[in-house]
Amino acid sequence: LAIGGSMSNVESTLRRSSNVAVILTVCTLLAAIAIAFIITRTITRPISILIRGTQRVARSSFEPITVLSHDEIALLADAFNDMSDKLKIVNELKSDLTHQISHELRTPLQTILSAQHLLAGLKLGALNEEQLRLLGVIRGSVDKLIKFTNQFLDIAKIEAGMMEYRFTRIDPVSV
């Protein structure tokens with residue numbers, strides 16, 4: 001009887017111990033999952049911020065990004081912000097240069113066009129066939145350069161966000 005009572009106590013203690021072990025195992029597993037989730041979010045959130053920042057830079061938006069971590073990812077974010085600032089400056093300088101080149105090309109082209117117009121109009125005297133042919137070549141070349149300069153200005157306007165678009169339906173086959 002004493003052995004039976006002791007066995008009963010052992011079985012109930014064993015049952016309680018196994019219940020406690022199961023509860024501890026489940027709690028440990030849940031805690032491990034929660035910690036893993038927190039660690040994963042700590043790593044992936046700054047990386048996703050960096051990804052969004054690179055996508056903005058690709059669209060010529062150079063706002064700095066803010067990462068709240070204090071690890072290698074924060075160092076990477078600082079390097080990214082430095083790069084973004086330099087790209088912004090380079091982009092502005094490129095736009096200014098494009099604009100300057102376009103305007104600087106227009107002035108001599110207009111002068112050449114005016115001289116060609118005077119010569120072709122025979123206002124300065126008669127010209128022979130070869131001279132007239134060369135004036136035609138000059139006019140064609142100047143027209144090409146003016147077209148190129150206008151395209152260059154259009155590119156500068158597009159990059160500066162100053163280009164107005166008018167969408168129309170067209171037949172792709174005709175293009």
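Predicted model: local features only at pLDDT ≥ 70, side-chain atom pairs only at ≥ 80, totals over all residues.
Student: What is the chain's radius of gyration, next to that of a compact globule?
Tutor: The chain has 38 Å. A compact globule of 175 residues would be near 16 Å. The spans of the C-alpha trace are there too: about 140 × 40 × 25 Å along the principal axes.

Student: Now the secondary structure. How many helices and strands are there?
Tutor: Three helices and zero strands. Along the sequence, the pattern reads α-α-α.

Student: Take H1 and H2. How are two packed helices described in general?
Tutor: You give the angle between their axes, plus the distance between those axes.

Student: OK, what are the values for H1 and H2?
Tutor: H1 covers residues 2-58 and H2 covers residues 72-120. Their axes come within 11 Å and cross at roughly 10 degrees. H1 is therefore roughly parallel to H2, because angles under 35 degrees count that way.

Student: Which residues make that contact?
Tutor: From H1: Ile-43, Pro-46, Ile-47, Leu-50, Gly-53, Thr-54 and Val-57. From H2: Ile-73, Leu-76, Ala-77, Phe-80, Ser-84 and Leu-87.

Student: How many of those are nonpolar, polar or charged?
Tutor: The contact of H1 with H2 has 10 nonpolar residues, three polar ones and no charged ones.

Student: Let's go to the loop between H1 and H2. Is Ile-65 there buried or exposed?
Tutor: Ile-65 does lie in that loop. Its relative accessibility is 6%. Buried means under 20%, so Ile-65 counts as buried.

Student: What does Ile-65 touch?
Tutor: Leaving out residues up to four places away in sequence, Ile-65 touches Ile-49, Leu-50, Gly-53, Arg-56, Ala-77, Phe-80 and Asn-81.

Student: How far is Ile-65 from Phe-80?
Tutor: They are 15 residues apart in sequence. In space, C-alpha to C-alpha, they are 8.2 Å apart.

Student: What about Ser-60 and its phi?
Tutor: Ser-60 is in the loop between H1 and H2 as well. Its phi is positive, about 65 degrees, although Ser-60 is not a glycine. Its relative accessible area is 47%, so Ser-60 is partly exposed.

Student: Why does Thr-98 count as buried?
Tutor: Because its relative accessibility is 9%, and the cut-off is under 20%.

Student: And Ala-126, buried or exposed?
Tutor: Ala-126 is exposed, because its relative accessible area is 75%. Ala-126 lies in the loop between H2 and H3.

Student: How far apart are Ala-126 and Val-10?
Tutor: In sequence, 116 residues separate them. In space, C-alpha to C-alpha, the distance is 128 Å.

Student: Last stop: where is Arg-166?
Tutor: Arg-166 lies in the segment after H3. With a relative accessible area of 74%, Arg-166 is exposed. Arg-166 is 16 Å from Ile-155, C-alpha to C-alpha, and 11 residues away in sequence.

Student: What share of the chain's contacts joins residues at least 24 apart?
Tutor: That share is 55%, taken among contacts between residues at least 6 apart in sequence.

Definitions and conventions. Residues numbered from 1 in each chain as written. Heavy atoms only, no water. Axes fitted to C-alpha atoms, helices over the stretch in contact; angles between N-to-C directions. Helix = DSSP H or I, 4+ residues; strand = E, 2+ residues; numbered from the N terminus. Parallel < 35°, antiparallel > 145°, perpendicular 65-115°, else oblique. Contact = heavy atoms within 4.5 Å. Nonpolar A, V, L, I, M, F, W, Y, C, P; charged D, E, K, R; others polar. Rg over C-alpha atoms; globule rule 2.2 N^0.38 Å. Buried < 20%, exposed > 50% of the residue type's maximum accessible area, 1.4 Å probe, protein only.
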